[in-house]
Amino acid sequence: MTRLAPSNPIGASIVGGCTLLSAAGLALSGVDQPLAWLAGQLVLAIALLQWFVVLHEAGHRTLFASRTCNVAAGHLAGFFALIPFENWRRVHGLHHLWTGWQDLDPTTAALVPRRLAPAERFVIDWAWRLWLPLFSTLYRLNNYWHLPRIYRFFGAVKARRAMLVNVLLLATAYGALALVLGPAELLRYAGLAIFVSLALQDPLILSQHTHLPQNVSGGREVTPFTPSEQERYTRSLRFPRWVTTCVLFNFDAHELHHSHAHVPGYRLRRLAQPQHNEVHWWTWLRGAKQLPGSVFLFSNRDATGFRW
């Protein structure tokens, strides 16, 4: 249906808005005045969060109606989101295929319940308590930059070559920036913004599937769940409408997204469909932060009694 189809004008307005917000954040960060710099870093942090959402939409080819525009926007967003777009779209496709099977979904396999070493438990618990973005950092490195691991899921030479080239180009771009600006200046313009953005992404990403009961195949041959069946393994957060619409572009409506991955995020709320695992963002965050990070990540609500 046309009312649910991707739109080139809307896609362009989202990418344009993210670009302007990024430029404003960088401009303020260059002002030699502490409050202006801090404001610039906070603005840039929100922009970087939005670029992650843009990456997600472009990977589904739902940001624009044009395939070429989706690919171009995906690579641009990947630069800001610190994720190679070629790797993202392939790995994220497997996530949608295997949602509900925790050990088969490459983005959740590392969280299959296991006995943690004392040092692991200590680091995870304190990172979660102090809002240190451990998960969103490892999420990127393990799922999208760790080529030997990714290659286990993709045997085709063409796919492996595309992912390698994307990693090399992105790493070269970051290296060139550090060389031209110098590490100190690069940290001044983006260091705090990246940290804050990753810290915000930690609970946002983890809210979508973590601590919900999942299945473990244990090496058995199993069948993927259908999109509608994946809802039970997915959680949505409820933010104020302006946050949902203007900041997250409905990225928080994750149950709807898994049931209708072909629908652009900015059109998801047009679907008259309940989200049974939806919870107010503050209610969920407050409860999740009361759990030790190791328990939250490596257990589920059936074991802990956590309501959401």
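Predicted model: local features only at pLDDT ≥ 70, side-chain atom pairs only at ≥ 80, totals over all residues.

Visitor: What does the radius of gyration say about the chain?

Guide: A compact globule with 308 residues would have a radius of gyration near 19 Å, and because the chain has 19 Å, it agrees with that expectation. The C-alpha atoms fill a box of roughly 55 × 50 × 45 Å along the principal axes, and the chain contains 14 helices and two strands. Buried residues account for 47% of the 308 residues.

Visitor: How many cavities of 30 Å³ or more does the structure hold?

Guide: The general idea is that rolling a probe the size of a water molecule over the atoms shows where empty space is left. In this structure there are five cavities of 30 Å³ or more, and the largest cavity has a volume of about 160 Å³. Its lining has 16 residues, of which Thr107, Tyr139, Ile205, Gln208 and His209 are the closest to the centre.

Visitor: Which helices each supply at least two residues of that lining?

Guide: They are α2 (34-59), α4 (85-98), α6 (134-145) and α9 (183-206), and α4 gives the largest share, with three residues.

Visitor: How many residues of each class does the lining of the largest cavity have?

Guide: Sorting the lining residues by class gives seven nonpolar and nine polar residues, while no charged residues are found there.

Key: Residues numbered from 1 in each chain as written. Heavy atoms only, no water. 1 Å grid on protein atoms, 1.4 Å probe; cavity = no way out; pocket = protein on both sides within 12 Å on 5 of 7 lines; lining within 4 Å. Points joined across faces, edges and corners; volume = space filled by probe spheres on them. Helix = DSSP H or I, 4+ residues; strand = E, 2+ residues; numbered from the N terminus. Nonpolar A, V, L, I, M, F, W, Y, C, P; charged D, E, K, R; others polar. Rg over C-alpha atoms; globule rule 2.2 N^0.38 Å. Buried < 20%, exposed > 50% of the residue type's maximum accessible area, 1.4 Å probe, protein only.
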